[in-house]
Amino acid sequence: MFYKGSARPGCRAGWSTIALAWGLATPLQAQTAPPPATTDIPPPEVTVTGKRIPGSVVGAVEPVAVLDAQALDALGVSSLSDLLKKVKALASSSGGGDPVMLLNGRRVSGFSEFQSLPYEAIEKVEVLPEQEAARFGYPPNVRVMNFITKKKFRAVTVHVLPGITTEGGGGTKYTEVTSARIDGPRRLTFNVSHLRQDPVLQSQRDIVPDPETLYATTGNVTGVDGASLDPRLDTLAGRAVTMAGVPVDPAARGSLAAYANSPAGVTDLGPYRTLQPLSDTIHSEASLAAPLGKTMSGSLILSMEAVQSKGLNGLAPALLRVPGGAGSFPFANDTLLYRYLPGSVLHQRTTSMALHGGGTLTGDVRRWSWAITGNYDRMVSRGTSETGVPLGALQASIDAGGDPMAAIDPALATERNLNRSRAVSDTLGVKATANGPVARLPAGEAMLTVTTDYARVDSDARTDLALPADGIGRTTRGASVNASVPLASAREGSLGFLGELQLSGMAGVSQVSGFGRLGTSNLGLNWTPFRPVQLNASVNVAQAAPAVTQLVAPVVATPNTPFFDFVTGRSTLVTTIMGGNPNLAPEKRRVTTLGLAVQPIKDKEIRLSLDYLDTRIDNQAASLGGATPAFQRVFPDLFARDALGALTRVDLRPVNLAFERERKLRLTFDVQTQLGKSPPPPAAPPAPDAAKTAPPPPPAQAARFPDGVGDDQLPAGGPADPARRRAGARPARRGDAERHGRAAALGCRAERPCLEGGRQSGRVRPHPGPDPHPQRHRRLGPAFLGADLAGPLQLHQGREDRRQALGQGVERQHGGRESAQRPDQRHRPRRPDPQPLPARLSRPDRPLDPDRGAEIVLRGHCGKGFR
């Protein structure tokens, strides 16, 4: 359609025409349509235009799952973090890795950028398979979760979540306040929270003390290097006595016979040892997102998290050597005394402070989109662990003949052997990603994704233990290229017998200081022979350096930790060492995947997936899970034993395993359906016929609008004064609310009622024949679509009025209302406009009749009506 001169629509108005059906028009009863102005009318052309949901990133590969707002409500989550836990089975990759996040189809600096948003602000969540990750610049071995937010959202939420346990202890108190506001591309979020976890003592659980533990408050004595206590005692007992409990009665401790059948002492450390420490966590963050231009937007997040924990590690152990033939013990040989020092409870305290700053810039250049993300993190952690009491003075007293079971000096009891550790790490990372089409192939467009990144990590750790814990600095530079090439497409008419076939490949390289050049590659094939079935295959090979935390985590020693020894077949209390290992090597991982996905019922969220995975990992960094005999033979330096062969210390820091091979066959059945009745639909807008029942305007108003006088001829300052309308003022008119509701129901995006545009009101009805008064028909907006239109109408180009006229036989009556006159009441028609445009307007809510003419819906979107 072409417009010339004054007939061209203004810049604030627009038309879209959607042809819904076509056929032979059914003639109207009791009404005869005049012949068209021109006899050669081209056949109607049907055009159906679809539009992707804003923020959606679903491509040729079917998503693993799509969760709409109703599905999110059905999960019963209270936060987005809770949502990730509920859908972990869907979001985790084939290798068990956590997913990467997108927000409205765009990369973000991390999940922390929007994790504080209430889940009610999310309209839809898309879970994409691993082969789609490289399209957004991520490794092709993780799944992608795309969160689509609502366009308008505003809320202030307060969460107070107390928690208790049935066995006592371990209660939680969580308080969170969040303020979130979303206005299109703009987003503002504030969040502050506090979490307290009460301690759980070992005595609050059904845990009995280990009778084979040598330490006790009453004391146990053993021979040196496993020898017997005394040959005379062996004669009295009739067996070799290598261990005996010290008698509780001080007077009996000097008698050899009291040790012949003395049971070993056992002490319950339950009241002095915590299974879960007391911890407090304070978290606060603020995030902001806004457009920075027509094609660019940005976001910023600042957060802080402080954690403090306090725990108990039992009583201080004391291993003392008692000389034979001296002191209060009657043994001729030297003996070893194992005792807990009463009242010497060992404490452990750790604190950490994490600061985070992240930002994202995203934009579009023609058909290419780009994103730059940056992060800065600083972590400071300190730990203090009490490992025992200084025993030098007590051992000297025993060597001089003192009582080894005497009470410890109160001044000595307050002193502690401390293990202090401190770790500081600073991480800076920048990543840039660009993706878009590079070529048009017969089966579709070939897409290319280019990624480059830079990261710098500086970490320093200090500890009082005699273990290597030097600082480390690491610089990583990397780049990768991912291409997705369609080979066949039934939609595009290229090799349609194959269905949809797509090939993807990725190659990347990273230069990591201290580890050299590490490569990553991926090759994937996705085939959909027909709609319900999808096949995929991929081979991924990746080399990765150990995480910095695995290298430089603070080393902490924890005494009195129960540990099962597979060699001796019993549990014992040992000192465990945990932290980082700076000697780790990079790992190499190869994953081969074959998958089949079936959606048996169309338009139903029912998916059946069968996956075969073959994984081989070389030099995998793993932490010790159990002291099996094979593991102890391979890593003998991690286990320390005393003279009796009992474990005393276990190093639980990560080590490299030679290789691991895993084959897995996984069957997944995912069903999402509604249980119970559907919620009631929203209230429908007022019926268009409601205007028929509206009372006529008062006579005073009718006198103000004489017949034949347009709005431009009204007195200045009146209710329809053009100057007042240009200033934005318009007197309220009866029926505005109804017309505004109809316009909103039809998709009108006007902030004010579009029909009037500050001008007309009333209903529009069809009238056969040319329009008798096109110059009087002022701005008719999309609300007239709600009228009951059944006859053929003409779309005219009015020139006298400088505005576009819609409708036929629409005539203005007194009072500003519009109606259609019967044929015998028509005015003498004016000269019809040339080149009338045939069209038919019908109610959108009326079902289409395939036997009638082309049903065309005209919709407008403007702020002040149509021109």
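**A strand and a loop residue**

Mentor: Strands β3 and β4 (residues 106-107) pair in the antiparallel sense, with 2 bridges between them. Please keep in mind that this is a predicted model.

Trainee: Which residue of β4 is the bridge partner of L103?
Mentor: The partner of L103 is R106.

Trainee: In what sense do β3 and β6 pair, parallel or antiparallel?
Mentor: Parallel: β3 and β6 (residues 144-149) are joined over 4 bridges. For example, L102 has N146 as its bridge partner in β6.

Trainee: And the side chains of β3, which way do they point?
Mentor: V100 and L102 point one way, while M101 and L103 point the other way. All four are buried. In a regular strand, side chains alternate between the two faces of the sheet.

Trainee: Changing topic, where is R367 found?
Mentor: R367 lies in the loop between β16 (335-365) and β17 (368-388).

Trainee: Why does R367 count as exposed?
Mentor: Because its relative accessibility is 56%, and exposed means over 50%.

Trainee: What is R367 in contact with, leaving aside neighbours within four places in sequence?
Mentor: Its contacts are N435, G436, P437 and E445. With E445 there is a polar contact between the two side chains, at 2.5 Å.

Trainee: How many residues apart in sequence are R367 and G436?
Mentor: They are 69 residues apart in sequence, yet 6.1 Å apart in space, C-alpha to C-alpha.

Technical notes
Residues are numbered from 1 along each chain as its sequence is written. This is a predicted model: local features need pLDDT of at least 70, side-chain atom pairs count only at pLDDT 80 or more; totals for chains, interfaces and linings use all residues. Side-chain values use heavy atoms; hydrogens and water are left out. Buried means under 20% relative accessible area, exposed over 50%, partly exposed in between (1.4 Å probe, protein chains only). Contact means heavy atoms within 4.5 Å. A polar contact is a pair of N or O atoms within 3.5 Å; within protein, one must be able to donate a hydrogen and the other to accept it, and residues adjacent in sequence count only if both atoms are side-chain atoms. Two strands pair if DSSP finds at least two bridges between them.
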